[in-house]
Amino acid sequence: MLLQPLVNRTLAVAAGAIATLAFAPFSYPLLAIVSIATLYLLTLKSDSAFLMGWLYGLGYFTAGVSWVYVSIHLHGGMGVLAAALMTLMFTGALAILFAAQIWLYKRLFTDGSAPGFVALWILFEWVRSWLFTGFPWLLIGYAFIDTPLISLAPIGGVWLVSAMVLIIAVSASHVIHRKKPTPLLLILAILGASYLIPSHWTESSEKTVSITLIQPNLAQESKWQIEQVDRHIQNIINLSVQAPATDLIIWPETAVPKLIGRAINQISPLVEILNQQGTTLISGFPRKEWSESQQRNLYHNSVGTLTGKISLYDKQRLVPFGEYIPFENQLRGLIAFFDLPMSSFSLPEQPTFQVETPQGSLAGAICYEIAYPELVRENANQSDMILTLSNDTWFGGSHGPDQHFEIARMRAIENGRPVIRATNNGISGFIDAKGQVLATAPRFETAILTHEIAPSMGQTPYQQLGLWPALILAAALLLAALFRHRSFKQNR
């Protein structure tokens, strides 16, 4: 009996860690069910709810976002032990959300309420999407992108998928724990309804757009070296000249590794050629603009057209430490990690939502922004396609880029819009409005990828309602659980 608390705590860490195997590139969604059910059963028996939740979260995030270590160690200049410690500090801080979730659950419910467990999980996933700028990564619904449950995404987004997954997991644990087969009927009902829900909410245009993605495969170590910058720009210009004639040519995030105003002369000959043949060139680049309100230059991580009429989108969700430094005056210069290239970006004072081209309107989402469901929904509302540029070189050979690509697929399904994804070294590709992968370029290779894309028209329920269906469901479950718990206490 003395060993039981240790066994339970070890199981909590392991249960959190195995959830990683449900997401890309492993894609074993049933393990997410096992992970959630294990935490639920452990929570019923636990007297130390906060610790149990924290240990689960530590396993969940340490295994799930271990690619943070790659960024800190390989590209941030930290030693192995220091990078490992900083990674654990990051995942340990994220785990506090799971700790708070399980602690609150045990405080509110002493009867092992299944609806209360589901409701609080959904609410905390939502909180994680915006608290302290948000970290909406590893939302449990992503793991079920290739299952029947994905039909719920165009209705309530990834959160509604998460809700159904949680109901299934907790129902399965009730079958195991209380030996009652009744919850199996609920599981079958959810799966049956998933098959009946329409899968087609938007219409594809009959006129397609031919698009070429350029994947330059630049090494992160040399990308920002002053003596290499012009050579990198010339390299991507040469690749574009070799590309077939298409409606759009798209370069990845910060493909121009210096301020666009200083690079435009070098790019001008290509711009002239593309203007003559009617091709629109879109690229990611840093740019600066003068702020009248702040009386200083602001620097933006941007994507925009370099041919024809200029249209710009500035990044609205900046990555802490990667694109800006919190407590900059205190942290700058302490270690190399706090002096990464291009880590002084600012938010736009007048945000835009799309990049406008003669071929259609493209909703902007730069790198990490694609993980924010509501941001992408807002940007995509008046767009024909979703454009996401990224530089996943930061993640090395880890599973980070696969998770990132899986998230992009979810955004396509939620919004009923094809997604175009251009990256520095992969995964670059095309995703249709149903989340199906049409074409990808090999990772860690220089590549020119061309495909025909049909823009979409119309709106999904999620585009119209946002996350409200999922939040209303969570609120209803929570209220029902609280009412039932009150009755339970009165009967006792």
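Q: Where does Pro25 lie?
A: In this predicted model, Pro25 is in the loop between helix H1 (4-18) and helix H2 (30-45).

Q: And the peptide bond from Ala24 to Pro25, cis or trans?
A: That bond is cis, with omega near 5°.

Q: What about the bond that joins Gly426 and Ile427?
A: A cis peptide bond as well, with omega about 5°. Ile427 sits in the loop between strand E10 (419-423) and strand E11 (429-431).

Q: Changing topic to backbone angles. What is phi of Cys367?
A: Phi of Cys367 is near 55°, which is positive, and the residue is not a glycine. Cys367 belongs to the loop between strand E8 (360-366) and helix H13 (373-380).

Q: Is Cys367 buried or exposed, and why?
A: Buried, because its relative accessible area is 12% and the cut-off for buried is under 20%.

Q: Now Phe444. What is its phi?
A: Phe444 has a positive phi of about 60°, again without being a glycine. Its place is the loop between strand E12 (437-440) and strand E13 (447-453). Phe444 is partly exposed, with a relative accessible area of 43%.

Q: On to helix packing. At what angle do H4 and H5 pack?
A: Helix H4 (residues 67-75) and helix H5 (residues 80-108) pack at about 140°, and their axes are 9 Å apart.

Q: What does that make them to each other, and why?
A: H4 and H5 are oblique to each other, because only angles over 145 degrees count as roughly antiparallel. The crossing of H4 past H5 is right-handed.

Q: Which residues of H4 meet H5?
A: Val68, Tyr69, Ile72 and His73 of H4 do, and on the H5 side they meet Val80, Ala83, Ala84, Met86, Thr87 and Phe90.

Q: How do H7 and H8 pack?
A: H7 and helix H8 (residues 182-196) pack at an angle of about 155°, with axes 8 Å apart. H7 and H8 are therefore roughly antiparallel to each other, and H7 passes H8 in a left-handed crossing.

Q: Which residues make the contact?
A: From H7 they are Met164, Ile167, Ile168, Ser171, Ala172, His174 and Val175, and from H8 they are Pro183, Leu184, Leu186, Ile187, Ile190 and Leu191. The H7 with H8 contact divides into eleven nonpolar residues, two polar and no charged.

Q: How many residues has the largest nonpolar core?
A: It has 112 residues, and Ile211 and Ile250 have the most contacts inside it. Helix H7 (residues 153-178) gives the largest share of this core, 13 residues.

Q: What is Ile250 in contact with?
A: Neighbours within four places in sequence aside, Ile250 is in contact with Ile211, Thr212, Leu213, Ile214, Ile282, Leu387, Leu389, Ile420 and Ala422. Another core, of 20 residues, lies apart from the one with 112. Ile249, Ala255, Val271 and Leu281 are among its residues.

Q: Last one, Ala63. Which helix does it lie in?
A: Ala63 is in helix H3 (residues 49-64). Ala63 is partly exposed, with a relative accessible area of 26%.

Q: What does Ala63 contact, beyond its sequence neighbours?
A: Ala17, Thr20 and His399, once neighbours within four places in sequence are set aside.

Q: How far apart are Ala63 and Pro269?
A: In sequence, Ala63 and Pro269 are 206 residues apart; in space, 47 Å, C-alpha to C-alpha.

How values were computed: Residues are numbered from 1 along each chain as its sequence is written. This is a predicted model: local features need pLDDT of at least 70, side-chain atom pairs count only at pLDDT 80 or more; totals for chains, interfaces and linings use all residues. Side-chain values use heavy atoms; hydrogens and water are left out. Axes are lines fitted to C-alpha atoms, for helices over the stretch in contact, and angles run from 0 to 180 degrees between N-to-C directions. Helices (H or I, at least four residues) and strands (E, at least two) are DSSP runs, numbered from the N terminus. Angles under 35 degrees count as roughly parallel, over 145 as roughly antiparallel, 65 to 115 as roughly perpendicular and the rest as oblique. A crossing is left-handed if the near helix is turned anticlockwise from the far one by less than a right angle, and right-handed if clockwise. Contact means heavy atoms within 4.5 Å. A nonpolar core is a set of buried Ala, Val, Leu, Ile, Met, Phe, Trp, Tyr and Cys residues joined through side-chain atoms within 4.5 Å. Buried means under 20% relative accessible area, exposed over 50%, partly exposed in between (1.4 Å probe, protein chains only). Ala, Val, Leu, Ile, Met, Phe, Trp, Tyr, Cys and Pro count as nonpolar, Asp, Glu, Lys and Arg as charged, and the others, Gly among them, as polar.
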